Amino acid sequence: MDQILRALLLLLIARLPASFQCSGAVSEDGGWGLDSSLQDEGECNIEIRDANSITHTEFINEYAYAKPVILRGLTDNTKFRFLCAKSSLLREYGDKTVRLSTANTHSYRKVDVRFEEFVKFLLTPQSEDTLGSDTLYFFGDNNFTEWRSLFEEYKAPPFSLPLTHPAYSFGIAGPGTGVPFHWHGPGYSEVIYGRKRWFLYPPDLAPEFHPNHTTLSWVSQSYLDLELHQRPLECTIRPGEVLYFPDRWWHATLNLDTSVFISTFLG
């Protein structure tokens, strides 16, 4: 009888979704260590919609070409989250070469390092007086051949735009880092671990900023001097939340913790 029960239990476990089987093996912070002295700056004035409160048609009509929105509960990326734990990524990609970019508006410089070296030595908090050209940022320059098995496990937001195709950009960054204001085509950004604060302006309202000053510097030196009508749309997104931004919207980011994140660009 014990053997029969054991066999039934093993069969039940085998039929569970892979995400459920591995979810208990990862700590809440994925081993990245999310403690940070950065507080959650400001308010959240971007609309938040739950998956059960919005349809694809509503998304297209209300947000796709008009304004940002934060979406909750659209997909279950538990397994992807498990694979993005620090120990998992180091085991799978520690010896792989990754390309880092400088964290300024125009990303002048690229540096190739082993992923393990980046995690151990370069994934550090940002200081306020550091220029963007002196900050190395891992985001976007992913080798899709080597990282394909990871990206294949990611469930992208299901709301697509007509005549577009998704392209993934995966990133990891330390507290206080971020990219200053820039714009490009529409897309989604999902946080896997940590907290990422977003600041956005519509295409016809370009913010004032220095392209080589970091978002942390802008927040501490310029943001508080803005009049109410000059303030951006802003919010902090957390694991399980996805921010959508329309085409040509100005945006800057600030990682409040060590953050693991992935963007889906619709081009």
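Which residues of helix α3 (residues 56-64) are buried? Keep in mind that you're looking at a predicted model. The answer is Phe59, Tyr63 and Ala64. These three span an arc of only 75° around the helix axis, so they end up on the same side of α3. Turn to the other side of α3 and you'll find Thr57 and Asn61, which are exposed; here, exposed means over 50% relative accessible area, and buried means under 20%.

Now slide along to helix α5, which runs through residues 86-93. Here Ser88, Leu89 and Tyr93 are the buried ones. Their arc around the axis is only 95°, and that puts them on the same side of α5. As for what lies over them, the cover includes the helices α4 (78-83), α6 (115-122) and α7 (148-151), along with the strand β6 (166-173).

Time to zoom out. The protein chain has eight helices and 12 strands. Of its 267 residues, 45% are buried. If you take the contacts with a separation of 6 or more, 83% of them join residues 24 or more positions apart.

How values were computed. Residues are numbered from 1 along each chain as its sequence is written. This is a predicted model: local features need pLDDT of at least 70, side-chain atom pairs count only at pLDDT 80 or more; totals for chains, interfaces and linings use all residues. Side-chain values use heavy atoms; hydrogens and water are left out. Helices (H or I, at least four residues) and strands (E, at least two) are DSSP runs, numbered from the N terminus. Buried means under 20% relative accessible area, exposed over 50%, partly exposed in between (1.4 Å probe, protein chains only). Contact means heavy atoms within 4.5 Å. The arc is that of the directions from the helix axis to the C-beta atoms.
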